[in-house]
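I set out below what I looked up in this model, entry by entry.

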Amino acid sequence: MTITEPASSVIPGLCLPPVPGAQAVRRHVRTRRPGEVNLKSCELLHPEVDALHAGLLRAIDPGDVVFYPLYQSTLDQVGAHLGVPSDRILISAGSDSAIALLITAFARGGRLVIHNPSYEGWQRYAALNGTAIDFVTPDADGEPAVCDLLRAVTAGPPAMVVLTQPHSPTGRVFDGDEIARLSAAVAKHGSLLVLDTCYLAFSESGEQTVREVALAPHVVRVNSFSKAFGVAGARLAAVVADPRLEGYLARWQPEGAVSGVSLALLRGALSSVTLFQGIWEELRGGRQQLADRIQADLPGWHARPSGGNFVAFDVPTAAEAGAAYSHLLEHGIRTRDLSGLPGLTAALRIGLAATPILDQVARTMARFADLRQTA
Ligand SMILES: Cc1ncc(COP(=O)(O)O)c(C=O)c1O
């Protein structure tokens, strides 16, 4: 996504030019086929989550709909959950809008340093804000590395640096000491470090790798609740930062796009954190079992170690990754073919879900293995 087109009007006669970068950004339309199991988007697919949210929705206070929302009780609960005082937290309508806010507030016309691949939202809002991107590609092993990010940021002027912990789409969990070194170098450089912790709840001790670093004045944590608490549709994330940065970011009023109903769902989910901790543990177990079963059935397939609610498999050829993707899709299971992304020559990513769903995936993949053998 490069910004090359000159500004021109969207419709004839309209004399207000659109943002130049907007012409290079594609509209994203989400689709869903009825009955399909979506293991591409990494939403939290679990019957106990459905039951919890159904109960929370039944108990919604009409005041959460009729009145403009108040935020303090939610901020207190989010603060207690993330281990920070509530004056370090802003609520946003998902991390997508937090990303838009951070780029607008800190990187408009500036520089963004980020691993490629990373979540595409960063690229979208960078393009819309005339932000130049310095992409950092994976190392020789095909894995994103913190040291490469560090090298890239110090090689240029002050920038916004993004580290996704654990990384998506590979699942790699970065070492806490490495993140601390990156943070120190970023501070010295006059840059801003953003930690995207969208999938952190699914990594066993990942929280320890960011908690202390995230308290530094030049670090912002963007913590989605979408995947960990099954609220992707409610659109909820926390932006955690130094109160001075929060005071600046608050001028954009990100919480203005968050409904009272969504806030009530978040409070209810956080009050049931032990239920979610049990589910995160179940998914971690499922992650290993799925990796083991697929590797056993398909020689040449290699599961990357993952701290997210997904597993990325390196596959012998891109054609085989594509065939497996199509086979799963024919059986109602949507995954993500990563083949061709930097460091991922031939790869398939499968999201995690409740144990019976993963069992269905493993059986479908065993059938794929049989077909491959007889072909
Ligand atoms: C790494 C990463 N960050 C952020 C997001 C956006 O999450 P949200 O649902 O909070 O907008 C995603 C969504 O897939 C993601 O993968």
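**Entry 1. Domains**

I took the domain bounds from an automatic or database domain assignment. I noted that this is a predicted model, in which local features need pLDDT of at least 70, side-chain atom pairs count only at pLDDT 80 or more, and totals for chains, interfaces and linings use all residues. Residues are numbered from 1 along each chain as its sequence is written.

The assignment gives domain 1 as 37–43 + 274–374 and domain 2 as 66–272. I looked up the distance between the two centres, taken over C-alpha atoms, and found 27 Å.

I then turned to the boundary, where two residues are in contact if their C-beta atoms, placed from the backbone, lie within 7 Å. By that rule, 24 residues of domain 1 touch 24 residues of domain 2. On the domain 1 side, helix 11 (273–297) and strand 10 each supply at least two residues. Helix 11 gives the largest share of that side, six residues. I sorted the residues of this side into 13 nonpolar, six polar and five charged. For this sorting, Ala, Val, Leu, Ile, Met, Phe, Trp, Tyr, Cys and Pro are nonpolar, Asp, Glu, Lys and Arg are charged, and the others, Gly among them, are polar.

**Entry 2. The whole protein**

I counted 13 helices and 13 strands; helices (H or I, at least four residues) and strands (E, at least two) are DSSP runs, numbered from the N terminus. The radius of gyration is 21 Å, close to the 21 Å that the globule rule gives for 375 residues, so the protein is as compact as a globular protein of that length. The radius is taken over C-alpha atoms, and the rule is 2.2 Å times the number of residues to the power 0.38. The C-alpha atoms fill a box of roughly 60 × 55 × 50 Å along the principal axes.

I found that 45% of the 375 residues count as buried. A residue is buried if 20 or more other C-beta atoms lie within 10 Å of its own, exposed if 12 or fewer, and partly exposed in between, with C-beta atoms placed from the backbone. Of the contacts between residues at least 6 apart in sequence, 70% join residues at least 24 apart.

I traced an open sheet of four strands in the order 9-10-13-12, with antiparallel pairing; two strands pair if DSSP finds at least two bridges between them. Strand 9 (302–303) and strand 12 are the edge strands, each pairing on one side only.

Strand 13 (residues 347–351) has five of its five residues buried, so the strand is largely enclosed by the rest of the structure. I checked both faces: A347, R349 and G351 are buried on one side, and L348 and I350 on the other. Strand 10 (residues 310–314) pairs with strand 13 over five antiparallel bridges, and A312 has R349 as its bridge partner. Strand 12 (residues 336–337) is joined to strand 13 by two antiparallel bridges, with D337 opposite L348.

**Entry 3. Strand 7**

I found strand 7 (residues 219–224) mostly covered, with six of its six residues buried. One face carries V219, R221 and N223, the other V220, V222 and S224. Strand 6 (residues 192–196) runs parallel to strand 7 and is joined to it by four bridges; L193 stands opposite V219. Strand 8 (residues 237–240) runs antiparallel to strand 7, also with four bridges, and S224 stands opposite A237.

**Entry 4. Around the ligand**

Which residues come nearest to the ligand? Of the 13 around it, they are G94, S95, D96, S224 and S226, where a residue counts as near if its C-beta atom, placed from the backbone, lies within 6 Å. Helix 4 (residues 94–107) supplies the largest share of this shell, three residues. I recorded four nonpolar, seven polar and two charged residues in the shell.

**Entry 5. S262**

Lastly I located S262 in helix 10 (residues 260–271). Is S262 buried or exposed? S262 is buried, with 22 other C-beta atoms within 10 Å. Leaving aside neighbours within four places in sequence, S262 is in contact with A234, R235 and L236. I also looked up D64, 198 residues from S262 along the chain, and found their C-alpha atoms separated by 8.9 Å.
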